[in-house]
Amino acid sequence: MNDLQLNPDGSLRHFLSIEGLKPALLEQIIETAASLEQVAKRAVKKVPVLRGKTVMNLFFEPSTRTRTTFEIAAQRLSADVINLDVQTSSTTKGESLLDTLKTLEAMHADMFVIRHHESGAATFFARHAAPGVSVLNAGDGWHAHPTQAMLDMFTIWKHKPRFDRLKVAIVGDILHSRVARSQIHALNLLGAMEVRLIAPQTLLPEQPESLGVHVYHNMEEGLRDCDVVIMLRLQKERMQGAHLPGGDEYFRCYGLTEARLQHARPDCIVMHPGPMNRGVEIASSVADGPQSVILEQVSNGLAVRMAIMAMVLGGQHEVRP
Amino acid sequence: MNDPLPHIPALLEDMAGRIAALPRFQATAPLLVGIQTGGLWLAEALHQRLALQEPLGKLDISFYRDDFSRIGINPSVQPSHLPWAVDGRHLLLVDDILYTGRTIRAAMNELFDYGRPASITLAIAVDRGGRELPIQADILGCRLEVPAGQQVKLSGPEPLQLEWVTHE
Amino acid sequence: MSRTMIEGQWIDAQGQGWGGVAVEDGRITDLLPARDGNPHWLLPAPVDLAWHPGALEGQGADTLRAELTAAIRCGVADVAVEPDTRPVLDDPAAVALLPRGAGMARAHPIGALSEQLEGQALSRMASLKEAGVRCVGMALAPVRDSNVLRRALQYARSMDLTVMLHPQDASLTHGGVAHAGKVATRLGLKGIPVAAETAGLARDLALVADTGCRVHFCRISSARAVEMIAQAKADGLPITADAAIAHLFLTDHDLMGFNPNLHLRPPLRDQSDRDALRQGLADGTLDAIVSQHTPLGRGAKTAPFPMSTPGAATLDAWLPLCAKLVQEGILTQARLHALIAENPARILGLEPRGLKPGQQADCLLFDPRAEWLHEPEHCHSHAGNPAFHQWPMTGRVRQLWLAGQAVL
């Protein structure tokens, strides 16, 4: 779908969504991330790849955590980083969004890392970006969060390098989750044996099977024989929007407990893109338990974001005269 | 006709002898670092011949290349791995072909991001001429005249041999 | 007494081919026999049942004049203006703002059914009727309160007005920006389920049966709603219905890539819906094809998809794409005449239109072979939000006559 994000030679021009990318490119991201991991362990925690480049973190939806990982990633690649939290209301016109972009472009940004609350926002900015300016999607509405999905793939790969043997369950609020959408595409592209979604229908999008997944409404059945379980954050306001009943019913049906985890394979790893709601979607004993790789996901985020930034900015030679 | 290419095992034998004789390495043995890919093969062979105790380090200089913004990222980048601290140590940096000198500059930049070595000695199998930076080998296998339109390349890892490559 | 001939081919509902019309005093007197060698089509002058021109004052007035002038160049002589203009067409003063004049298509107002289209207080329908309104509607706005709608239908019937409704259950439509289907799932867009249309339609049909009011259902988008309309017609309800041109050529699949020009209300649905709409037009379930031409300023679409204003400009593509349905064998020429001229004229309460002796000579000559690319330089509309940008088009208007006078 997104030819917008590729250069004519197939390298990354922008990074907007996993959908539309080739498996080899995802593998390259994972391998590049593996090469960049050691940078954090050295005396000088930087490589000079992006020396002289300027990365602007443009966050229309506040997220200190994600913004910080992008900031550190860019700095470790020797780029200059500027952070901008842009306060917008839902009535902010698209034109003024674009004015913001154009003003910053005039300050010679090479890359925008953009988070926005509307689906398609990253595509919108990429479509209007000047030649030689790249857009990296740090989350747009419910649509995509491709760097999060890639760091999750990197985490899985480190534990279980053969994707074709994996059964992966994604549990919870898939309807509103850009992370889940990107994970599903990435897992299917990397050849996962089976991707399962476990959720009540109120938290699933229309015709979820069309994404290439199997749907389960029952947690125990869905977890059976899984190698990887990815828990999604449940926003408490879902209980007001009639997506869910109140009280602890969600946790009783879909919360990941030690007892439930028994249904998965004994070496199953437990993931969560964070931030967690302990006792809402996941029991503390599981989140902190031996099968949890949740903290590892956070540290893997750095290498993966470095890899993607280096690949995108390394692809700019295609468009620069 | 191109010159006949030298036999790599003989070159290595000769280089190993001269490395072992360097005064700098008499007190403590050097730490060997090979540059991906050809330099690493040679470093492995030298490591064996010199019977060094400490493991070999490997460098992938993809993130240090000065032409990154022109040619982009190397799609087959490998992790660099130095299994020891470099501070205060004598390093022996190994690569297959010395051409412009830019690879060696990148490698030295990368090494200094790991720490401050006491010294770096450069061992090269073939100096093909065409230097653009003031960098030359301390231990050199041989010099080769390379005609325009030709490249010399190391193939390996088994057997290690030099070959001519013709460019269009 | 001058007698003129207008030559062009068509095949009537009985399968009889004709070669033109003879005109005297602005009326068709005779049909001319078919003859070989004239590739051009003759059609009754089209009537477009749905425009959303936006502002009527200030710059908006100039824009609307330009679009109505462009309409003539596109062969469209009559357009119905939906009441969601600024100001809303809920009183005669607003209706009087619609521009009139030579060289422009005639803009026929659809009055607002309720004040400010809020779905609460009834509009002054009798006054609107005195100002020339023949239909009242809600544009794309819902009437949430069924009791208000029942009263509105009763009152409109008393005034002998046709009511135009966009069937929808507002709570199911709320916040949605795309068809609730596979594409919305992929793109993470909030969906509008087919049930939003069918639940609304079911209620509206119940109220038509209850009140006996004549109702035209606007912009039917789903296969299920087409079935319901067919059933309601079979039951004898006094209803008509239309579909918009975009919904006959595009589906939600075209949203991949987040093209904001395809953010439409109702949303583009899937292939089976598109096919059912085409079938409904062919078999008589649906009565009209509208352009739903919604010219918007640049800013309206300069935004991420969900934030963009719904609506697309379709003026230049409307006739060529309607003709394409004939060329693709989906519609007969006679059916096309009904869908873009005869039925819309009747629904709007205009003088009967058609290529028949005794009728006013409002006709269009169309070259069905002319090929062109839908690009700004080849379009008459100045709108910056075309639905069919870069589409190859076949067919161009050659001449337009109103009451026997060439206006193009």
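## Glu220(A) and its partner Arg260(A)

Glu220(A) is partly exposed in this predicted model, its relative accessible area being 24%. Its side chain meets that of Arg260(A) in a salt bridge, with N and O 2.8 Å apart. Glu220(A) belongs to helix α7 (residues 219-223) of chain A and Arg260(A) to helix α9 (residues 258-261) of chain A, so the pair ties together parts that are 40 residues apart in sequence. Arg260(A), at 11% relative accessibility, counts as buried because this value is under 20%.

## Other salt bridges

Over all chains, a search of the whole structure finds 43 salt bridges. Side chains of opposite charge can pair when their charged atoms come close. One of these bridges is formed by Asp288(A) with Arg278(A), whose closest N and O atoms are 2.9 Å apart. The pair links distant parts of the chain, ten residues apart: Asp288(A) lies in the loop between α10 (284-287) and α11 of chain A, and Arg278(A) in the loop between β9 (269-271) and α10 of chain A. Asp288(A) counts as exposed, with 53% relative accessibility, whereas Arg278(A) counts as partly exposed at 41%.

In chain B, the side chains of Arg65(B) and Asp67(B) meet in a salt bridge with an N to O distance of 2.9 Å. Arg65(B) is partly exposed at 36% relative accessibility, while Asp67(B) is buried, with a relative accessible area of 14%.

## The surroundings of Asp227(A)

A network of salt bridges links Asp227(A) with Lys160(A), Arg265(A) and Asp267(A). Asp227(A) is located in the loop between α7 and β8 (228-231) of chain A. With a relative accessibility of 7%, Asp227(A) counts as buried.

When residues up to four places away in sequence are not counted, Asp227(A) touches the network members Lys160(A), Arg265(A) and Asp267(A). Asp227(A) also touches Arg165(A), Leu166(A), Lys167(A), Cys268(A) and Ile269(A). The C-alpha atoms of Asp227(A) and Ala264(A) are separated by 6.8 Å, although these residues are 37 residues apart along the chain.

## Packing of α2(A) with α11(A)

Helix α2 (residues 64-76) of chain A and helix α11 (residues 294-314) of chain A have axes that come within 8 Å and cross at roughly 55°. This angle makes α2(A) oblique to α11(A), and the crossing is right-handed.

On the side of α2(A), the contact is made by Arg65(A), Thr66(A), Thr69(A), Phe70(A), Ile72(A), Ala73(A), Ala74(A) and Arg76(A). The residues contributed by α11(A) are Val298(A), Leu302(A), Arg305(A), Met306(A) and Met309(A). By class, the contact of α2(A) with α11(A) comprises eight nonpolar, two polar and three charged residues.

## Helix α12 of chain C

Helix α12 (residues 315-327) of chain C has eleven of its 13 residues buried, so this helix is largely enclosed by the rest of the structure. Among the buried residues of α12(C) are Leu315(C), Asp316(C), Trp318(C), Pro320(C), Cys322(C) and Val326(C). α12(C) is followed by Gly329(C), which has a positive phi, near 80°.

## Contacts between chains

Two pairs of chains touch, and the most contacts are between chains A and C. Chain B and chain C are joined by no contact, and their closest C-alpha atoms lie 27 Å apart.

Key. Residues are numbered from 1 along each chain as its sequence is written. Chains are lettered from A and ligands numbered from 1 in the order in which they are written. This is a predicted model: local features need pLDDT of at least 70, side-chain atom pairs count only at pLDDT 80 or more; totals for chains, interfaces and linings use all residues. Side-chain values use heavy atoms; hydrogens and water are left out. Axes are lines fitted to C-alpha atoms, for helices over the stretch in contact, and angles run from 0 to 180 degrees between N-to-C directions. Helices (H or I, at least four residues) and strands (E, at least two) are DSSP runs, numbered from the N terminus. Angles under 35 degrees count as roughly parallel, over 145 as roughly antiparallel, 65 to 115 as roughly perpendicular and the rest as oblique. A crossing is left-handed if the near helix is turned anticlockwise from the far one by less than a right angle, and right-handed if clockwise. Contact means heavy atoms within 4.5 Å. Ala, Val, Leu, Ile, Met, Phe, Trp, Tyr, Cys and Pro count as nonpolar, Asp, Glu, Lys and Arg as charged, and the others, Gly among them, as polar. Buried means under 20% relative accessible area, exposed over 50%, partly exposed in between (1.4 Å probe, protein chains only).
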